[in-house]
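Biologist: I have a new model open and would like to learn how to read its side-chain contacts. Could you walk me through them?

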Amino acid sequence: MMTTTNPFIRHIIATDPLPPPSSSLYEYLLAGNGLFIRAKRSHLTVQFPLSFHTVRDLPDLHTQLDISVPTIPEALMTSMLLEAYGAWLTPTGPLESLFHFTYADDWILTIPEQERTSVSVRPADIANCPSYHSSFVEIHSHHLMVPKFSRMDDEDETGFRIYGVCGHFQKRPSISFRIGVYGHFFSIPASLIADLPPGLHDTYPTVTPI
């Protein structure tokens with residue numbers, strides 16, 4: 001059963017089987033085990049829980065992540081890390097850095113024109129930043145701070161892509177990744193999207209898949 005009050009968002013009561021994803025931006029799915037979100041874009045189809053609650057007489061749903069691109073090569077991740085280190089150590093710093101990874105038969109790393117401070121970074125002109133609009137993965141640095149997404153990150157990362165944050169450079173260089181669907185987030189292991197260089201650690205916890 002499906003209802004809609006917004007052409008870009010659909011609300012679906014889960015059935016078994018589910019209908020295929022629609023052309024809307026995303027869908028909310030009410031299932032027997034709670035509320036899920038589902039969305040599809042080029043090379044990425046996701047379905048993950050937003051909240052858990054027992055709803056009688058509906059089928060349960062499960063997390064599904066389909067990332068149909070190769071992982072970002074270690075060499076590009078190393079280039080990103082070296083630039084982030086440079087911004088951390090610059091005499092006018094420490095500064096955060098922003099990186100866009102676009103996939104079109106191969107991975108392309110872009111370091112866009114950006115406004116940087118010690119606690120924030122964003123494209124200098126989002127409207128005229130092609131890599132911002134085409135990127136599949138967006139990563140920014142937190143230099144000395146732990147690589148944990150902040151409330152400001154939650155407010156800024158409102159697209160549909162994979163987001164990353166790296167940090168803890170002085171103690172234990174680390175990186176965290178999550179899928180973002182228009183303000184809804186789901187953490188993922190780095191191995192799903194990137195080949196990490198030696199010395200860069202994944203913060204993703206060892207958990208039982210949902």
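Modeller: Gladly! Let's begin with a term: a salt bridge is a side-chain nitrogen of Lys or Arg within 4 Å of a carboxyl oxygen of Asp or Glu. Keep in mind that this is a predicted model.

Biologist: What is the general idea behind such a contact?

Modeller: Side chains of opposite charge can pair when their charged atoms come close. In this structure there are 6 salt bridges. One of them joins Asp156 and Arg122, with 3.5 Å from N to O.

Biologist: Which residue does Arg161 meet in a salt bridge?

Modeller: Its partner is Glu138, at 3.2 Å from N to O. Here strand β12 (residues 160–167) supplies Arg161 and strand β11 (residues 137–141) supplies Glu138; the two are 23 residues apart, and the pair links distant parts of the chain. Arg161 is buried, because its relative accessible area is 7%, and Glu138 is buried as well, at 11%.

Biologist: What does Arg178 form a salt bridge with?

Modeller: With Asp154, where the closest N and O atoms are 2.8 Å apart. Arg178 belongs to strand β13 (residues 174–181) and Asp154 to helix α3, 24 residues apart. Arg178 counts as buried at 6% relative accessibility, while Asp154 is partly exposed at 33%. Salt bridges with shared partners also bring in Glu157, making one network of Asp154, Glu157 and Arg178.

Biologist: Let's turn to the rings. How many aromatic pairs are there?

Modeller: The structure holds 9 aromatic pairs. To read one, look at the ring centres and the angle between the planes. For Tyr85 and Trp88, the centres are 5.8 Å apart and the planes meet at 75 degrees, so the pair is edge-to-face. Both residues are in helix α1 (residues 74–89), and being 3 residues apart they are separated by about one helical turn. Tyr85 is partly exposed at 23% relative accessibility, whereas Trp88 counts as buried at 15%.

Biologist: Which kind of pair do Phe160 and Tyr182 make?

Modeller: A tilted one, because their planes are at 55 degrees, with ring centres 5.9 Å apart. Phe160 lies in strand β12 and Tyr182 in the loop between β13 and β14 (184–188), so the contact ties together parts 22 residues apart in sequence. Phe160 is buried, at 7% relative accessibility, and Tyr182 is partly exposed, at 30%. Ring pairs also link Phe160 and Tyr182 with Tyr26 and Tyr28 into a cluster.

Biologist: Where does Arg161 lie relative to Tyr132?

Modeller: Over the face of the Tyr132 ring, at 5.0 Å from the ring centre. Arg178 has such a contact too: it lies over the face of Phe185, at 3.6 Å from the ring centre.

Methods: Residues numbered from 1 in each chain as written. Predicted model: local features only at pLDDT ≥ 70, side-chain atom pairs only at ≥ 80, totals over all residues. Heavy atoms only, no water. Helix = DSSP H or I, 4+ residues; strand = E, 2+ residues; numbered from the N terminus. Buried < 20%, exposed > 50% of the residue type's maximum accessible area, 1.4 Å probe, protein only. Phe/Tyr/Trp six-rings, centres within 6.5 Å; stacked < 30°, edge-to-face > 60°. Lys NZ or Arg CZ within 6 Å of the ring centre and 35° of its normal.
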